Amino acid sequence: MESLMKWLVDPKKNWFARQHMKTISTRLRKYGLRYDDLYDPKYDLDIKEALNRLPREIVDARHQRLKRAIDLSMKHEYLAEDLQAMQTPFRGYLQEMLALVKRETAEREALGALPLYQRTLP
């Protein structure tokens, strides 16, 4: 079953996964976003913690991309074609830190320790 799931989401092996990845890449390039920019820190506190651990320059660049995307969306415009060609939508910056935070959280729960942060209503 696990091998079937890997095959379904692997763009190198599955044509549908390749088309899906191409479509997402095109949409992200239009606004100058990266895939990791779509993670919402209010949805998952692990994401918030991972963003807090990243270097300030990376977080600032993320905020600039998000501001630009919101501005373009409000104006009903897209990035210029030459700028779209320069975008790298699948160059990740958050996944490694997020995996580390999730491992630490799981280890904490396994040891019976209290969580680092408590859920609060935004």
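Guide: Let us begin with Lys102: at 37% relative accessibility, Lys102 counts as partly exposed. Buried stands for under 20% relative accessible area, exposed for over 50%, and partly exposed for what is in between, with a 1.4 Å probe and protein chains only. The model is predicted, so local features need pLDDT of at least 70 and side-chain atom pairs count only at pLDDT 80 or more, while totals for chains, interfaces and linings use all residues. Residues are numbered from 1 along each chain as its sequence is written, and side-chain values use heavy atoms, with hydrogens and water left out.

Visitor: Which side chain meets that of Lys102 in a salt bridge?

Guide: That of Asp46, at 3.4 Å from N to O. Asp46 lies in helix 3 and Lys102 in helix 6, so the pair ties together parts that are 56 residues apart in sequence. A salt bridge here is a side-chain nitrogen of Lys or Arg within 4 Å of a carboxyl oxygen of Asp or Glu. Helices are DSSP runs of H or I with at least four residues, numbered from the N terminus.

Visitor: Is Asp46 buried or exposed?

Guide: Asp46 is buried, its relative accessible area being 11%. Asp46 is also one of the buried residues of helix 3 (residues 45–53), which include Leu45, Ile47 and Leu51.

Visitor: What do the buried residues of helix 3 pack against?

Guide: They pack against helix 4 (56–74) and helix 6 (95–111), where contact means heavy atoms within 4.5 Å.

Visitor: And which residue caps the N-terminal end of helix 3?

Guide: Asp44 does, through a side-chain oxygen 3.1 Å from the backbone nitrogen of Asp46. A polar contact is a pair of N or O atoms within 3.5 Å; within protein, one must be able to donate a hydrogen and the other to accept it, and residues adjacent in sequence count only if both atoms are side-chain atoms.

Visitor: Changing topic, how many salt bridges are there in the whole structure?

Guide: A search of the whole structure gives seven. One of them joins Asp37 and Arg65, with the closest N and O atoms 2.7 Å apart. Asp37 lies in the loop between helix 2 (15–31) and helix 3, and Arg65 in helix 4, so this pair ties together parts 28 residues apart in sequence.

Visitor: How accessible are Asp37 and Arg65?

Guide: Asp37 counts as buried at 3% relative accessibility. Arg65 is buried as well, with a relative accessible area of 12%.

Visitor: What else is in contact with Asp37?

Guide: Leaving aside neighbours within four places in sequence, the contacts of Asp37 include Arg62, Leu66 and Tyr93.

Notes: Helices (H or I, at least four residues) and strands (E, at least two) are DSSP runs, numbered from the N terminus.
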